[in-house]
Amino acid sequence: MSTQSYSVIGTRPIRHDGADKVTGRAIYGADFQMAGMLHGFILRSPHSHARIKQIDTSKAEAFLGVKAVVTTKDFPEVDGGKMVDLGEGDMPLAYARGNVLAGDKVLYRGHAVAAVAAVNAHVAEEAAGLIEVEYEVLPCVLTAPEAMTPDAPILHEDLKMKELGEVTDKVSNIAEHFRHVIGDVEAGFAAADVLVEREFNTATVHQGYIEPHNTTALWNNDGRISIWCSTQGSFVVRDSTAAILDMPVSQVKVTPMEIGGGFGGKIPVYMEPVAALLSKKTGRPVKILMPRQAVFEATGPTPGSYMKVKIGAKKDGTITAAQAYLAFEAGAYPGAMVGPAGMTVFAAYDLANVLIDGYDVVVNKPSTAAYRAPGAPNAAFATESVVDELALKLGMDPIELRLKNAAKEGTRRADGPKFPRIGCVEVLEAMKNSEHYKSPLAGAHRGRGVAVGFWFNIGLPSSCTLNVSADGSVNLIEGSTDIGGTRTSIAMQAAEVLGLKSEDIHPTVVDTDSIGFTAVTGGSRTTFATGWAAYEAAQDVVRQMKERVAKIWEVSPDTVEAADGVYKSNGYSMGFKELAARIGETGGPVVGRGAVNPRGVGGSFAGAIVDVEVDPETGKTTILRFTAVQDAGCAIHPAYVEGQMQGGSVQGIGWALNEEYFMSGDGRMMNSSFLDYRMPTALDLPMIETIIVEVPNPGHPFGVRGVGEANIVSPQAAIANAITHAIGTRLTRLPMNPPAIMEAIWCQRSTSRRS
Amino acid sequence: MPKVYIPALLRNVTDGRAEIEVEGATVRQIIANLVTKYPGLQDRLLDNGRLRPNISIAIDNEITPLGLMEAVSPSSEVHFITAIRGG
């Protein structure tokens, strides 16, 4: 556990953007205005799978107030096979472009087909309704198991299955089948005293960010494109837009506006290239706001999945083998998050025999995107449910069973590498020793469940600049979208190095022309990587400040020591602020620079303890108590760490109990509004209790691991386990909503009567 | 000599071998020496001489941002793993 003492790190200063946010002065994309601005509207497919035979835009173009209409034909001709990086890995340009404006087929209901720019949004919407699209409607396929059958409708005639690393000649909805192997799983199962094997299904769910997607684009007379939008990664928008429009990246500038949530869903581009094309045609800025229905139907939810997990153990609880079959829905284009699911499905355990098969399957739903620890919650739902059942069969405490088999430093992961220093055991110990777990749970139809989960976290490049002001404050320039308080968590790391207060640092998130490349705010990387860039920039400032004070004192810079913001040498002493007032006379501006592409990423384990009560008459589950436990490495700002843990837990609760894309047979989402897509509110939940564990990441200057994702991995399974203990039967399908629970109870009663 | 761990997906081009000791002071040299013995690895790992974007290199259990240019010591473990991003 962390024993390091800091001045700023670990404190809870008020966030730098707090005043703007609570007074409504923060500028979001929907607030953005420009002189002469037009408004766009995107026409979307009413069909989940259809061939586009013809698009006639003439009536829309003739409509009063319409300035331009675009379709896929307005894209420049390029090599569609070229791979482009969209922030979550590479994909063929044809797919990236096809998801922005459909080519010869629409692949999901809501797929963008054409767009209109007009004098206002109402005219644009009405004119879009005048666009005549002739479709040849095709049969659709909506789940991975159905899409994998030999006679399933094929989405992409050019998609050839990659089987265990090799591209085959087989045209299929299965984009890829991969496998991880350790040891001999059959021998492991043969050595087991107890075996548990279950099948699981999870529904498609959406991140549910409050702020819909929005964008404004101006294709200027000099050929440069400026974009103002809500995004988790301004450089990703720049690079994606440039690739889709076949432009050099230097010709695109992206200004990230404030963001109202993303959780992974605001990494891909959807409307930016379209707005740019409309601006090119009109010579005026074009703004497009995405309606909520389109957010559900046409952006990237997380995959629905079908899974089978089998685990065997000896009587003493030692797990002898584990096997997983994971089939994930990618949506319309390949790229389901089944890869990370395969890498995390047994990550919490030290196993000698493992076999994991994963399938990336396209279906007629929107193209999936990342969502907090993408893929891991689905997988953990399956594994942690089976481990709970194993504990029941063995008569063991479920945390003790997990501790007996827990992954630790040196454990070889199923995908090959060994874990560095990790906090799986420490998280489980904190769960076991918590007041919550030690407290009794009495009452009928009540149950307690636990589960544990893992997310890797990532590194990737970040940049930071620090400008010292004459009053001793420091302006911090960065390129990371601030979703969860990262302005402050980054500023605090600079303040710690400089010996200043958090309030002395003034962070600003700037456009892509004004800072070095910075990867997405995602993968729990921002406090880790951009914080590290700030650390490096602050070290650069300290070095320069030593040189400046050395000139004043006429000593060698090597003799100057700096600690807690005070510079000393040969009996001289000067504080940072006093020295800052004299930087002009000692050589001019002091600008610190930090640019990193760090290694040393530290994965995070998190666990959940949950008490539920199930109403056996209605099937309603009430969360009585919920404790989230997570290894933060080093909690830079504990309140923000707790906020991430609570937010991830609440999203996990919604995923477990209510949320799903409720689909009609023809691929229509029937609940595409926040009224019908039931996310938990504060009224549905108790206070989410938090326990921060700090096993410092030896790979980071302050021990940071990143805390944005691992917290959503375990709630679904913990709740499933709690419901099992409350009603005496196990649910293996998400969401575990009242109809599903009533069906389970009725099935159980029916079985009991028969026996 | 560095030890290269071959993931299950690549073993069909390494005669089923899961661990191979290969000479090389950088990842690039190691892959070049591997390809000499197992030519099928060339296209599976590289695209126009660059590491395929869906692959990350882990040296001694740590993902390296330097990819092919990363230095490797004689006692190192080298892994080819799926590139991870996040939400």
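## Cis peptide in chain A

A:P735 sits in the loop that runs between strand 31 (733–734) and helix 20 (738–754) of chain A. In this predicted model, the peptide bond joining A:L734 and A:P735 is cis, with omega about 5°.

## Positive phi values

Two loop residues are listed here, one in each chain. A:N570 belongs to the loop between strand 25 (566–569) and strand 26 (572–575) of chain A. Its phi is near 50°, a positive value in a residue other than glycine. A:N570 counts as exposed because 10 other C-beta atoms lie within 10 Å, and the limit for exposed is 12 or fewer.

In chain B, the loop between strand 1 (3–5) and strand 2 (19–21) contains B:D15. B:D15 is not a glycine, yet its phi is positive, at about 55°. This residue is exposed, with 11 C-beta neighbours inside 10 Å.

## Nonpolar core

The largest nonpolar core has 258 residues; those touching the most other members are A:V116, A:V274, A:F328, A:V361, A:A494, A:I719 and A:I723. Helix 16 (residues 526–553) of chain A contributes the most to this core, with twelve residues.

Leaving aside residues up to four places away in sequence, A:A494 touches A:L466, A:V474, A:L476, A:I505, A:A534, A:A537 and A:A538.

## Contact between the chains

Contacts between the chains involve 39 residues of chain A and 23 residues of chain B. On the chain A side, the elements giving two or more residues are strand 4 (83–85), strand 11 (174–182) and helix 10 (338–344). Strand 11 of chain A gives the most, with four residues. By class, this side of chain A has 16 nonpolar, 13 polar and ten charged residues.

Note on methods: Residues numbered from 1 in each chain as written. Chains lettered and ligands numbered in written order. Predicted model: local features only at pLDDT ≥ 70, side-chain atom pairs only at ≥ 80, totals over all residues. Contact = placed C-beta atoms within 7 Å. Nonpolar A, V, L, I, M, F, W, Y, C, P; charged D, E, K, R; others polar. Core = buried A, V, L, I, M, F, W, Y, C linked by C-beta atoms within 7 Å. Buried ≥ 20, exposed ≤ 12 C-beta atoms within 10 Å, placed from the backbone.
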